[in-house]
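Here is a short briefing on a predicted model.

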Amino acid sequence: MASRPESDSPSDQQLLAVLRALPHGLVVADATGSVTLCNPLAIELLDLPRQFHLTPYPAEALEHYLHSSDRRHDGDVMEFPGGRFVKLTRSSTPAGGNFILIEDVSAQVSQERARVQAESEYRSLFDNSVYGIYRDNLDGTPVRANPALAALNGYASEALHIEAVTKQPRNWYVDPARAEKFARIIKSKGRVKDLVSQVYRHRTGEKLWITESAWYVRDTEGKPIFIEGTLLDATERMANLEAIERQANFDSLTGAANRFRFLRRLDEATRPAMKDCVLFTIDLDHFKEVNDSVGHAAGDIILKDVASRLREIAGETGLVARLGGDEFAILDRGEGALAQSEVKAGRIVKALCQPIAAGGRSITIGASVGVAAFPGHAANAEDLLRKSDLALYEVKSAGRNGYQIYSSELHAVLKRQKHLERELRAAAEAQAFELHYQPIVDSATNRVTGYEALMRWNHPTLGSVPPDVFIPIAERAGLMTRLGAWVIGRACEDLALLPPGLRMGINVSANQFRSPDLFDHIASTVARTGIDPRCLVFEITESVLVSNADVARHLLERLRWLGAQIALDDFGTGYSSLSYLQKFPLTVVKIDRSFAAGMFEQKASRAVIRAIMGIGRDLDFEVIAEGVETKEQIAALAQLGCRFMQGYYFGKARPLSDVVTDLALSQMNVAAPARLPLALAR
Ligand code: C2E
Ligand code: CA
Ligand code: CA
């Protein structure tokens, strides 16, 4: 170590102490290129050979060492194995030498490396995120935007996006109130979380839904300097939500509220202390028949049309709902709902019996409407629904196409019907039914040609309940198919006990006619009882033919193939379309008893009978007049060419035993009871 001549210069000892205490390594070389000084930290940091203690040491040798290939250099930073980094700073001494300051920069380097790593990771997230990410100035001008945000706004890159957004600021939110909401929230809470809004795509003006979050970036004093945020295109999610919402609440065909929504609204409207509301339950008359005959596409058009007519009547305050197939409802909560309920019910009926154009045809359906009011008739939703339904049921029982407002008397009637329905079920179980037979007579010969089987219900307390009362109830209760099958069985068994050649009229109800087992049941009954199927006459009404024309025709053809006859019953009361007589394989037409009854009062009755007789001759079917009660009617009918008759004049329906007795008497040529001109047709 060089000696220091000046007295105030530090001693070698002092110098050595300073060098040792230096936080950095130090190497000094003189002008000749020899290392003259080197502190221990330098040796340690540079991992120098021990002999460096032995100065002077050629500086080139040091440089050579420093640049030797087994160490990596990054500028003046050397990396040693084990992650140690050392920085060398060279400068010249006043005496023309050099010194090298050696710092351990491992900590800084690894920090920097971590920072770079984090930066690149962040960059990757920023660039590849499906979220739009941005940083804006507080005034909303963009600072940064990632590719996802650029794409969301319709731009190919961040630069294009920022340029466009800066040069042409546009309304971003479709609803300007959203912008205010955003500003309000971020100002008050410092952040916005999952705010869903509809916005315009900047480049195209197209609307889309986004969900966004945003927060302030603050300076060290906590003052906001930027707004940063993320956002995601939520258009698809919203569309799904909307679809789900629609599906959950609305009928997809008609757009009317569905049952779920309707029940919820009904529930709201009937909470205690709510204002008056009126419920209309609406059933389309014969929709199923129409739907079957015109096809489902036309049926759909009808339903849509019905819904739109109902919407018009319901107005703003009424909720139109489709509760099922052809069942609709209107819940009216408007001012004066109660006062207008009757007028509205009338309007509904009227509107729904106007023809509807569907499937290239003009179709007229009708509607039955039941009406009940809250809180006048019912105390809660369930009750209101039930009472409106009861009123509807009454309209249907009374022949449809009209309205009925619920009343307590109605309630009593319906209660009785329900009671009967229960008893009827029990009776069906117990087989408490009987068949009575009413003769059908050839007035030209005064002979009985056959009988019509008519059902009787022997009720333990009510006595004999007429079929007009219990059959509609049995139909509604779904019992008629079963009862009808029993009728067929019993009528055939009874026919087998009568002299051959007599015919047996058997009524088949609409529901029974639809039963897929009907034909097989008839065929097997014929086989079982051994009767001549040509003696069977199945009586059906026109409604059966309207309801499902193709299926009906097919079944009728099979019955004809079996040999049975088909009679169109109660002709003149229903659709009275003469075209049915041509379209279906019918062999008999029974003119409804109202025509015989009206013959002398209404000219039209005679005209209709005459017309039917004419067609009967042309198309070759037999005509039977029903409800013949007087000699005068017989004479008048005979004059119109009607030969076959049925009615109280010839005899009421009576049990088989009576019929057998009468037949036996007439065969023995013994005088039959008065008014029973019985002779056996051969
Ligand atoms: P319907 O098929 O038109 O039967 C004729 C009805 O007219 C019978 O009433 C009969 O008693 C009544 N009647 C017969 N002659 C006269 C008359 O001179 N004057 C008057 N005023 N009425 C007369 P009923 O037995 O009460 O049957 C009523 C309806 O019930 C029948 O009308 C038929 O539609 C239905 N019905 C009866 N039995 C059955 C059955 O076994 N199955 C089905 N599906 N329906 C049945
Ligand atoms: Ca009949
Ligand atoms: Ca009849």
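A search of the whole structure turns up zero disulfides. C353 is partly exposed, at 28% relative accessible area. C642 is buried, at 1% relative accessibility.

**Calcium site**

- D569 bridges the calcium ion (ligand 3) and the calcium ion (ligand 2), and the two ions lie 3.9 Å apart.
- D569 sits in strand β25 (residues 565-571), and E626 in the loop between β27 (622-625) and α24 (631-639), so the pair ties together parts 57 residues apart in sequence.
- D569 counts as buried, at 7% relative accessibility; E626 is buried too, with a relative accessible area of 10%.

**Ligand 1: contacts**

- Ligand 1 is surrounded by 22 residues, and the closest are Q438, R456, R593, E629 and Y648.
- R456 places a polar side-chain atom 2.9 Å from an oxygen atom of ligand 1.
- E629 has a polar side-chain atom 2.5 Å from a nitrogen atom of ligand 1.
- A polar backbone atom of S509 is 3.5 Å from a nitrogen atom of ligand 1.
- Ligand 1 taken alone exposes 790 Å², and the protein buries 86% of that.

**Ligand 1: shell**

- Two or more residues of the shell come from each of β21 (447-459), α15 (467-476), α16 (480-497) and β25.
- β21 gives the most, with four residues.
- By class, the shell has nine nonpolar, five polar and eight charged residues.

Note on methods
Residues are numbered from 1 along each chain as its sequence is written. Chains are lettered from A and ligands numbered from 1 in the order in which they are written. This is a predicted model: local features need pLDDT of at least 70, side-chain atom pairs count only at pLDDT 80 or more; totals for chains, interfaces and linings use all residues. Side-chain values use heavy atoms; hydrogens and water are left out. A disulfide is a pair of cysteine sulfur atoms within 2.5 Å. Buried means under 20% relative accessible area, exposed over 50%, partly exposed in between (1.4 Å probe, protein chains only). Donors are N, O and S atoms within 2.8 Å of the metal (3.2 Å for Na, K and Ca); water is not among the atoms, so sites may look incomplete. A residue is near a molecule or strand if one of its heavy atoms lies within 4 Å of it. A polar contact is a pair of N or O atoms within 3.5 Å; within protein, one must be able to donate a hydrogen and the other to accept it, and residues adjacent in sequence count only if both atoms are side-chain atoms. Accessible areas come from the Shrake-Rupley method with a 1.4 Å probe; for residues, only the protein chains shown count as cover. Ala, Val, Leu, Ile, Met, Phe, Trp, Tyr, Cys and Pro count as nonpolar, Asp, Glu, Lys and Arg as charged, and the others, Gly among them, as polar.
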